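Trainee: I have a model open and would like to learn how to read it. Where should I start?

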Amino acid sequence: MADQDYTLADDLLEFIDAAPSPWHAAAIMAAQLQGMGFEELREDTAWTLRPGGDYFVRRGGASLVAFRVGSDPAGSGLRIIGTHTDSPGFRVRPEAAVGTDNGPGTLRTVGVEVYGGPIVASFADRDLGLAGPVWVSEPGTVATPRLFSSPHPLVRLPNLAIHLNRGVNEEGLKFQLQDQLALTFAENDDGAGEAGLREYLAAELGTTADAVTAWELAVADLQPGTRFGREREFIANSQLDNLASCHAGLHALVNERPARGVTMLACFDHEEVGSESHRGAAGNFLPSVMERLLAAVEARDAAGEVAARSWLVSADMAHAWNPNFPQAYDATHAPQVNGGPAIKLNAKQRYASDGEGEAWFRAACDRVGVPVQRYVHRNDIPCGSTIGPISAARLGIRTVDVGSPMWAMHSARESAGARDPAYLVAAFRSCLAEV
Ligand SMILES: [Zn+2]
């Protein structure tokens with residue numbers, strides 16, 4: 001395959017490199033949408049929408065819904081791509097900078113909470129930064145968020161030498177989650193306080209430590225993405241789950257104008273911790289956007305019909321066949337990287353796909369020559385889930401769970417196929433082109 005076929009893969013890697021946190025991902029998507037003429041709506045202001053208009057709205061900084069209105073929204077329904085912006089890893093604790101008190105005490109560390117289900121050991125020995133909003137107050141006012149990203153690797157989780165951990169290759173690398181995840185941050189300066197994270201952030205943001213009121217900081221792997229393999233036909237980066245789906249959804253939305261219905265991209269935070277939050281997929285963000293959208297186009301009375309005419313593609317990554325671990329898969333339902341998107345099926349409804357959804361998504365892919373695969377989890381390993389079942393239940397919209405196959409899901413450094421981003425965009429565009 002010629003180099004130019006990997007344009008979307010390279011674009012995806014750049015997107016992730018620029019988005020070390022879900023807040024950054026939402027901000028980048030917002031900036032791209034704005035640059036393409038999408039108008040930002042605010043939830044605390046009345047909406048005036050017009051046919052042919054392009055809009056987006058954010059909630060909580062890290063969730064975003066963008067949509068394009070056709071000439072007859074009620075008659076055609078919606079085509080929605082749903083994704084999540086967050087990735088599992090660590091979040092910095094509020095009282096973050098602690099001196100080590102269980103040894104010689106020459107180092108300062110940053111304490112973290114585990115966020116979602118990361119492969120904890122994969123964060124060891126990596127060039128980690130901190131990224132996310134930091135709330136800074138002016139005297140007499142409520143603090144407001146400023147988006148922060150450390151300009152260089154800032155913290156680290158050093159491994160233990162094999163000479164001090166002789167069983168590591170037989171037993172696996174294990175970190176005790178409460179006591180062994182403190183990230184190395186600075187040399188101690190005998191308690192003068194100037195090496196603390198709060199002081200560091202204040203200096204970076206040009207304010208005082210007292211003005212740094214709160215933060216939501218993710219620990220981010222700062223190594224840039226790359227393509228690897230003989231033809232460089234594979235990709236590696238952090239956060240492929242699920243920024244690869246956000247990236248493909250955004251490309252599809254901005255390149256596919258609806259004729260009659262509404263096309264939409266809905267990207268949620270907090271999927272990795274269950275979606276049950278103000279800005280998560282189990283919250284009312286998307287139902288509220290839909291209700292206000294239908295009201296604005298005078299179709300509120302037709303909400304039931306619109307929902308029944310609509311489709312939601314819940315886009316999250318799928319597990320690709322890994323030849324070193326054949327026992328982890330149902331061999332007849334193990335998708336290959338660079339083989340096109342997989343429809344994710346689960347009889348227990350951990351994925352929302354059903355027969356109707358499979359038929360519909362397959363037809364959309366067939367129309368544009370995108371190959372389709374299937375993923376089904378083994379019976380003897382609990383299956384993960386995603387926003388698909390939550391959204392389907394909440395919205396009453398037919399839903400199909402799909403995703404590009406990838407390796408090492410929830411590792412700090414994930415990998416996938418370099419041809420799949422283009423397959424995913426083409427499949428999504430075909431789904432959106434229906435309305
Ligand atoms: Zn995911």
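**Reading the domains and the metal site**

Mentor: Begin with the overall layout: the centres of domain 1 and domain 2, taken over C-alpha atoms, are 31 Å apart. Bear in mind that this is a predicted model.

Trainee: Which residues make up domain 1 and domain 2?

Mentor: The domain assignment gives 3-87 + 238-432 as domain 1, and 89-221 as domain 2.

Trainee: How many residues of domain 1 and domain 2 are in contact?

Mentor: Contact involves 20 residues of domain 1 and 20 residues of domain 2. Between them the two domains bury about 1,400 Å², and carbon and sulfur atoms account for 61% of that area.

Trainee: What is the count of salt bridges between domain 1 and domain 2?

Mentor: There is 1 salt bridge between the two domains. R279 forms a salt bridge with E216, with 2.9 Å between the closest N and O atoms. On the side of domain 1 that touches domain 2, the residues divide into 8 nonpolar, 7 polar and 5 charged. The two domains also have 6 residue pairs in polar contact between them.

Trainee: Which protein donors does the zinc ion have?

Mentor: The donors are H84 (NE2), D241 (OD) and two entries for D316 (OD), at 2.0 to 2.5 Å from the zinc ion. Along the chain their spacing is H-x156-D-x74-D.

Trainee: Why is the site of the zinc ion called irregular?

Mentor: Ideal angles for four tetrahedral donors are 109.5 degrees. Four donors count as tetrahedral only if all angles lie between 85 and 135 degrees. Here the angles among the 4 donor atoms run from 55 to 144 degrees, so the site is irregular.

Terms used:
Residues numbered from 1 in each chain as written. Predicted model: local features only at pLDDT ≥ 70, side-chain atom pairs only at ≥ 80, totals over all residues. Heavy atoms only, no water. Domains from an automatic or database assignment. Contact = heavy atoms within 4.5 Å. Buried area = accessible area lost by both parts, 1.4 Å probe. Salt bridge = Lys/Arg side-chain N within 4 Å of Asp/Glu carboxyl O. Polar contact = N/O pair within 3.5 Å; in protein donor to acceptor, adjacent residues only side chain to side chain. Nonpolar A, V, L, I, M, F, W, Y, C, P; charged D, E, K, R; others polar. Donors = N, O, S within 2.8 Å, 3.2 Å for Na, K, Ca; no water. Tetrahedral: all angles 85-135°; square planar, octahedral: opposite > 155°, others 65-115°.
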